[in-house]
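Biologist: Thanks for sitting down with me. Could we go through some charged and aromatic side chains together?

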Amino acid sequence: MGNKTNIGDDYSLTRVPIEARKSLWSITIIRVGALATISQFILGASLGYGMTFWQAFWATMFGSVILQVVSFLLGYAGAKEGLSTSLLSRWTGFGRYGSSIIGGVIAISCIGWFGVQNSVFADGLVQATGGRLPHAVAATITGLGVTVLVIFGFKLLSITATITVPLFLLAMAVGVYYVFSEYSISGLFSAVPAGDPLTMGAAATMVAGGFIIGAVITPDFTRFAKSGKDVFWMATIGVLIGELGINMIAVLMALAARTNDVVSIMVQASGWLGAGAVVLSTVKINNLNLYSSSLGFTNIFDSIFKIKLNRGKVTLIIGVIGTVLSVLGMLDYFVDFLVFLGVLVPPIAGIMVVEYFILKTHRRSLDETRAKGTLPTNVEKMHPVTLVAWAAGFAAGYVITIGIPSINSLLVSGIVYYVGSQIFRKNKKSDNGTVYVKEMEANK
């Protein structure tokens with residue numbers, strides 16, 4: 001087992017040893033921190049602006065079920081193997097080069113999210129200073145500040161979340177109390193939304209898409225979990241507080257204020273405390289964005305170029321890139337970004353889940369090497385079936401109009417991968433049998 005020899009490396013290309021595993025609290029507080037954010041609040045407000053309370057509730061429930069299932073299954077695999085998502089994908093359908101694609105998708109997506117969140121962070125700082133601080137300067141300060149925190153790895157993620165999550169929830173409570181003090185909450189349950197109507201499919205996809213990357217990268221921190229039981233409670237508590245809790249409060253606020261810009265209302269209502277909520281929210285989620293992005297990039301260079309980069313140094317580089325993106329205005333594409341991720345990423349989870357839990361092609365080698373604390377040496381390049389399944393799932397998310405696109409893309413990719421793998425195995429056995437018969441005839 002390789003040890004951490006440099007600051008920030010954090011077992012990025014090895015299994016996390018048993019002695020380095022963390023408590024249930026350590027992983028759960030990070031998960032709650034990833035969900036209880038201003039961006040989640042913005043998402044809930046978008047639902048409340050285009051749907052009634054109960055429509056938004058069911059859309060959130062449907063989207064949350066997707067996230068819960070994906071998070072638990074992949075999180076369990078990550079905890080059992082002690083591997084990050086991009087590293088685990090080498091032995092769950094994607095192979096050496098396929099895992100590089102996964103790492104790239106995760107890394108680029110997380111950098112994009114970093115830009116979105118940092119824009120929110122900078123806006124809060126600008127409002128807190130009365131507009132005296134230019135947005136570009138604020139975004140640069142906040143982006144680089146978060147980058148420095150993430151360089152030091154998982155331990156600092158947990159410490160930061162332990163401090164910021166309670167403070168964030170307190171700041172949110174003050175703003176919410178101020179707004180609701182002027183309205184009858186019971187009346188809001190039947191209120192008509194002020195904006196253009198949202199369909200159930202689009203809304204559920206926004207919910208699932210809003211954290212689908214977070215669900216897929218669950219192994220990045222459940223690899224530090226001690227058991228599958230811890231993974232289950234982490235995922236459940238995260239959904240209850242982060243998805244249902246934050247979303248539905250934001251829905252009620254949007255119905256009350258008749259606008260989807262509830263963040264500005266909250267900041268104005270609670271002053272520095274509201275601005276603090278924005279700051280704390282961004283610190284929490286951007287820690288995870290940069291952390292997972294750095295793990296993705298280290299896997300890419302290890303898989304393709306056989307170069308083992310230090311995760312801390314990679315974090316510094318991508319933190320600068322993400323900061324530049326936030327200065328360029330990533331927040332303007334927020335909703336489109338959510339919907340796009342809602343159909344692009346689920347196929348990855350579908351393939352990994354089918355391979356790890358059903359086909360189990362590499363489970364024997366994973367089991368044998370896990371006992372030794374090493375990694376399997378047999379890594380295939382990438383099977384064409386994986387690419388076909390991913391493309392089919394992605395297309396299904398766009399083409400199939402019945403149901404929820406995120407579920408469609410996940411299910412189709414899993415089914416295509418399973419069927420394709422079975423056909424390939426049968427053909428391979430058939431080919432081997434033909435060769436054997438020819439050899440027997442030649443021997444005669």
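Biologist: Is Arg 15 buried or exposed?

Modeller: This is a predicted model, numbered from 1 along each chain as its sequence is written, in which local features need pLDDT of at least 70, side-chain atom pairs count only at pLDDT 80 or more, and totals for chains, interfaces and linings use all residues. Side-chain values use heavy atoms, with hydrogens and water left out. Buried means under 20% relative accessible area, exposed over 50%, and partly exposed in between, with a 1.4 Å probe and protein chains only. Arg 15 has 3% relative accessibility, so the label is buried.

Biologist: Which residue forms a salt bridge with Arg 15?

Modeller: A salt bridge here is a side-chain nitrogen of Lys or Arg within 4 Å of a carboxyl oxygen of Asp or Glu. For Arg 15, the closest N and O atoms of the pair are 2.9 Å apart, and the partner is Glu 81.

Biologist: How many residues apart in sequence are the parts that Glu 81 and Arg 15 tie together?

Modeller: Helices are DSSP runs of H or I with at least four residues, numbered from the N terminus. Glu 81 lies in helix H3 (residues 53-81), while Arg 15 is in the segment before helix H1 (24-35), so the parts tied together are separated in sequence by 66 residues.

Biologist: What is the relative accessibility of Glu 81?

Modeller: Glu 81 also forms a salt bridge with Arg 370, with the closest N and O atoms 2.9 Å apart. Glu 81 counts as buried, because its relative accessibility is 1%.

Biologist: Where does Arg 370 lie, and how far from Glu 81 in sequence are the parts that this pair ties together?

Modeller: Arg 370 is partly exposed, at 26% relative accessible area. Arg 370 lies in helix H17 (residues 363-372) and Glu 81 in helix H3, so the parts tied together are 289 residues apart in sequence.

Biologist: Now for the rings. What is the angle between the planes of Phe 53 and Trp 54?

Modeller: Rings of Phe, Tyr and Trp (its six-membered ring) pair if their centres lie within 6.5 Å; planes under 30 degrees apart count as stacked, over 60 as edge-to-face and the rest as tilted. The count comes to 14 aromatic pairs. Phe 53 and Trp 54 are 5.0 Å apart centre to centre and are edge-to-face, with a plane angle of 85°.

Biologist: Why is the pair of Trp 58 and Phe 62 given its label, and what is that label?

Modeller: Trp 58 and Phe 62 are four residues apart in helix H3, about one helical turn. Their ring centres are 6.3 Å apart and their planes are at 35°, so the pair is tilted.

Conventions. Helix = DSSP H or I, 4+ residues; strand = E, 2+ residues; numbered from the N terminus.
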